Number of protein chains: 2
Amino acid sequence: MGDGVRIQAIERAIMIMNCFTDEEPELRLQEICDRLDLNKSTAHGILNTLKHHGLMEQDPETQKYRLGLNLLVLGGKVLNRLDIRTVASPIIKDVCGKTDETVHLGILDGTEVVYIDKQESSQSMRLFTAIGTRYPAYCTGIGKAILAFLPIEDQAKRIPDQLNRFTANTLKDKREVMEHLKLVKQTGYAIDDEENMEGLRCVGAPIFNHTGKVVAAVSVAGPSIRMTKERLPMIADLLCESAEEISRRLGYKK
Amino acid sequence: MGDGVRIQAIERAIMIMNCFTDEEPELRLQEICDRLDLNKSTAHGILNTLKHHGLMEQDPETQKYRLGLNLLVLGGKVLNRLDIRTVASPIIKDVCGKTDETVHLGILDGTEVVYIDKQESSQSMRLFTAIGTRYPAYCTGIGKAILAFLPIEDQAKRIPDQLNRFTANTLKDKREVMEHLKLVKQTGYAIDDEENMEGLRCVGAPIFNHTGKVVAAVSVAGPSIRMTKERLPMIADLLCESAEEISRRLGYKK
DNA sequence: AACAGGGTTCTATAATATAGAACCATTTTA
DNA sequence: TAAAATGGTTCTATATTATAGAACCCTGTT
């Protein structure tokens, strides 16, 4: 299996675009032909094609060519695919559609998790949150999913020494949390079993970037009467697949 | 004279790249073929070519395609060509080489002009400035070159009601300055005839952006003994040409 | 006026992009 | 489990088109 077929005309277009630099943002047809040893007529056709699609511009006065603004548009799309929110948004919608529960995307800020995106359940009884809403990381599924995959030194810093007990289920102290996070790391996802709020259950799964670091998590949250112990595994599976897909798109490689 | 020749293969490559959006940053070969009504084999060759040059990436696990990082590089080149400092830098060097006087690039900030780039004369007696140096706009060639091309309402705001007299040549009051700016606008460049500093003369010429607004100016400054009345016209001509070239590269159209 | 430089248009054909088919791998379906 | 479907990759003959050479047009210089 060699390098595969390459279309000469397209390669030539790319090589022409690569002739332009910060030092030489504008070039003449003849200059391009000299550099690439291209026939003038051939190069002209290529430049005209690029020009037609906004990937090249030609100054009407000087007739010099320069790279076109549509390259900014294409470059911006590359940038946006690297932005986690953009990457996760369609996936969050998909998970919400399949579970009909509220799906969040969250990141860690200090000892708290912050929701940076969400897709809400269509059911009347559901968790009310706003983007920007914060909760302590240690008692939420989404927060724990991030904490579990942090380096140990970082973990300790992100869990307060004194925990607030929000419910009877809230984990008791820092030591218990850190033991629990070991389990989460093994399972690959975290469950908030009414630890943050009575009557609410949540599953959270971690998202990794291209360097292998955990950078966010995605979660499904809903009333305990709907988020039953029987239903949780299915949701957890779906969520893990979805988190993996987001991670993959961020350049994560196992 | 129609639209000129367009190379089909290259058009197809561009159309493939344009299939990718923020909502759908990744696509399958089959999806691309369906959208563009392309033969699978043809599209494969095109994608492989783009891939080889970094304009496309393919995820080894899922085999989905996505836009490649080299589009960021090309987009960055477009951005940089729109950045005034980058654009002006080689031209400033060129002017300095031809005049062997200190050349500045300056922008307006409030009522002051700020130097944002420079190229210094090689002669031992020369104007000492640093990037970031500020002077009142109304008594410098570079400042006046900008003021003169501002809308009238803006002009008034950029000239203090009370002027400092730096030298015997400093213009006397706001009214005199605004009259003088009318002349500058007609001439197309401004001269500081020892108004800011005794023994120093300076010529300034305006730079316009793609919207037609004056955004900066470029200047040649030197000791009066070298910047003689006889020499000024030559310097002014060179400077105006250079300012026009910078403007043109910023997308300015007369 | 002639020439040079530089972009644009035109056209015949050499070259190659293309499409169809086969192949390979993985996933889905019965 | 086997067969079918899906989806990417490779191969090849040829239809199509990208290509190169030449002519044309415009501007600037000698």
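Student: Before anything else, what counts as a salt bridge here?
Tutor: A salt bridge is a side-chain nitrogen of Lys or Arg within 4 Å of a carboxyl oxygen of Asp or Glu. Keep in mind that this is a predicted model.

Student: OK. Which residues are linked in a network of salt bridges?
Tutor: The network takes in Glu26(A), Glu57(A), Asp59(A) and Arg66(A), together with Glu245(B), Arg248(B) and Arg249(B). Within it, Glu26(A) pairs with Arg248(B), at 2.9 Å from N to O.

Student: Why would those side chains pair up?
Tutor: Side chains of opposite charge can pair when their charged atoms come close.

Student: How many salt bridges are there between chain A and chain B?
Tutor: Five. Chain A and chain B also have 14 residue pairs in polar contact, counting those with both residues at pLDDT 80 or more.

Student: Which parts of chain A supply the side that touches chain B?
Tutor: At least two residues each come from α1 (8-18), α3 (40-52), β3 (65-67), α4 (70-82), α5 (84-99) and α9 (232-249) of chain A. The largest share is that of α4(A), with ten residues.

Student: And by class, what is on that side of chain A?
Tutor: There are 21 nonpolar, 13 polar and 13 charged residues on the side of chain A that touches chain B.

Student: How many residues are in contact across the two chains, and what area is buried?
Tutor: For contacts, 47 residues of chain A meet 49 residues of chain B. The area buried between the chains is about 4500 Å², and carbon and sulfur atoms give 62% of that. On the chain A side, Ile10(A), Arg81(A) and Arg248(A) lose the most area to chain B, together 14% of what that side buries.

Student: Switching to the inside. Which residues have the most contacts inside the largest nonpolar core?
Tutor: Met17(A) and Met17(B), in a core of 46 residues.

Student: What is Met17(B) in contact with?
Tutor: Leaving aside neighbours within four places in sequence, Met17(B) is in contact with Leu55(A) and Leu74(A) from chain A. From chain B, the contacts of Met17(B) are Leu50(B), Leu55(B), Met56(B), Leu67(B) and Leu71(B).

Student: Is Arg66(B) buried or exposed?
Tutor: Arg66(B) counts as buried because its relative accessibility is 8%, and buried means under 20%.

Student: What about Arg134(B), which residue does it bridge to?
Tutor: Arg134(B) pairs with Glu112(B), with the closest N and O atoms 2.9 Å apart. This pair links distant parts of the chain: Arg134(B) sits in strand β6 and Glu112(B) in strand β5 of chain B, 22 residues apart. Arg134(B) is partly exposed, with a relative accessible area of 38%, and Glu112(B) is partly exposed at 28%.

Student: And where are Lys182(B) and Glu179(B)?
Tutor: Both are in helix α8 (residues 174-187) of chain B; they are three residues apart, so about one helical turn separates them. Glu179(B) is partly exposed, at 41% relative accessibility.

Student: New topic. Where is Ser121(B)?
Tutor: Ser121(B) is in the loop between β5 (112-119) and β6 (134-136) of chain B. With 2% relative accessibility, Ser121(B) counts as buried. The Ser121(B) side chain reaches the backbone oxygen of Asp100(B) at 2.8 Å. Beyond its neighbours within four places in sequence, the contacts of Ser121(B) include Cys96(B), Thr102(B) and Arg226(B).

Student: Last one. What is the phi of Gln63(A)?
Tutor: About 65°, a positive value although Gln63(A) is not a glycine. Most residues other than glycine have a negative phi. Gln63(A) lies in the loop between β2 (56-58) and β3 of chain A, and counts as exposed at 52% relative accessibility. Glu194(A) also has a positive phi, near 60°, and is in the loop between β7 (190-193) and β8 (200-208) of chain A.

Terms used: Residues are numbered from 1 along each chain as its sequence is written. Chains are lettered from A and ligands numbered from 1 in the order in which they are written. This is a predicted model: local features need pLDDT of at least 70, side-chain atom pairs count only at pLDDT 80 or more; totals for chains, interfaces and linings use all residues. Side-chain values use heavy atoms; hydrogens and water are left out. A nonpolar core is a set of buried Ala, Val, Leu, Ile, Met, Phe, Trp, Tyr and Cys residues joined through side-chain atoms within 4.5 Å. Buried means under 20% relative accessible area, exposed over 50%, partly exposed in between (1.4 Å probe, protein chains only). Contact means heavy atoms within 4.5 Å. Buried area is the accessible area (1.4 Å probe) that two parts lose on being put together, summed over both. A polar contact is a pair of N or O atoms within 3.5 Å; within protein, one must be able to donate a hydrogen and the other to accept it, and residues adjacent in sequence count only if both atoms are side-chain atoms. Helices (H or I, at least four residues) and strands (E, at least two) are DSSP runs, numbered from the N terminus. Ala, Val, Leu, Ile, Met, Phe, Trp, Tyr, Cys and Pro count as nonpolar, Asp, Glu, Lys and Arg as charged, and the others, Gly among them, as polar.
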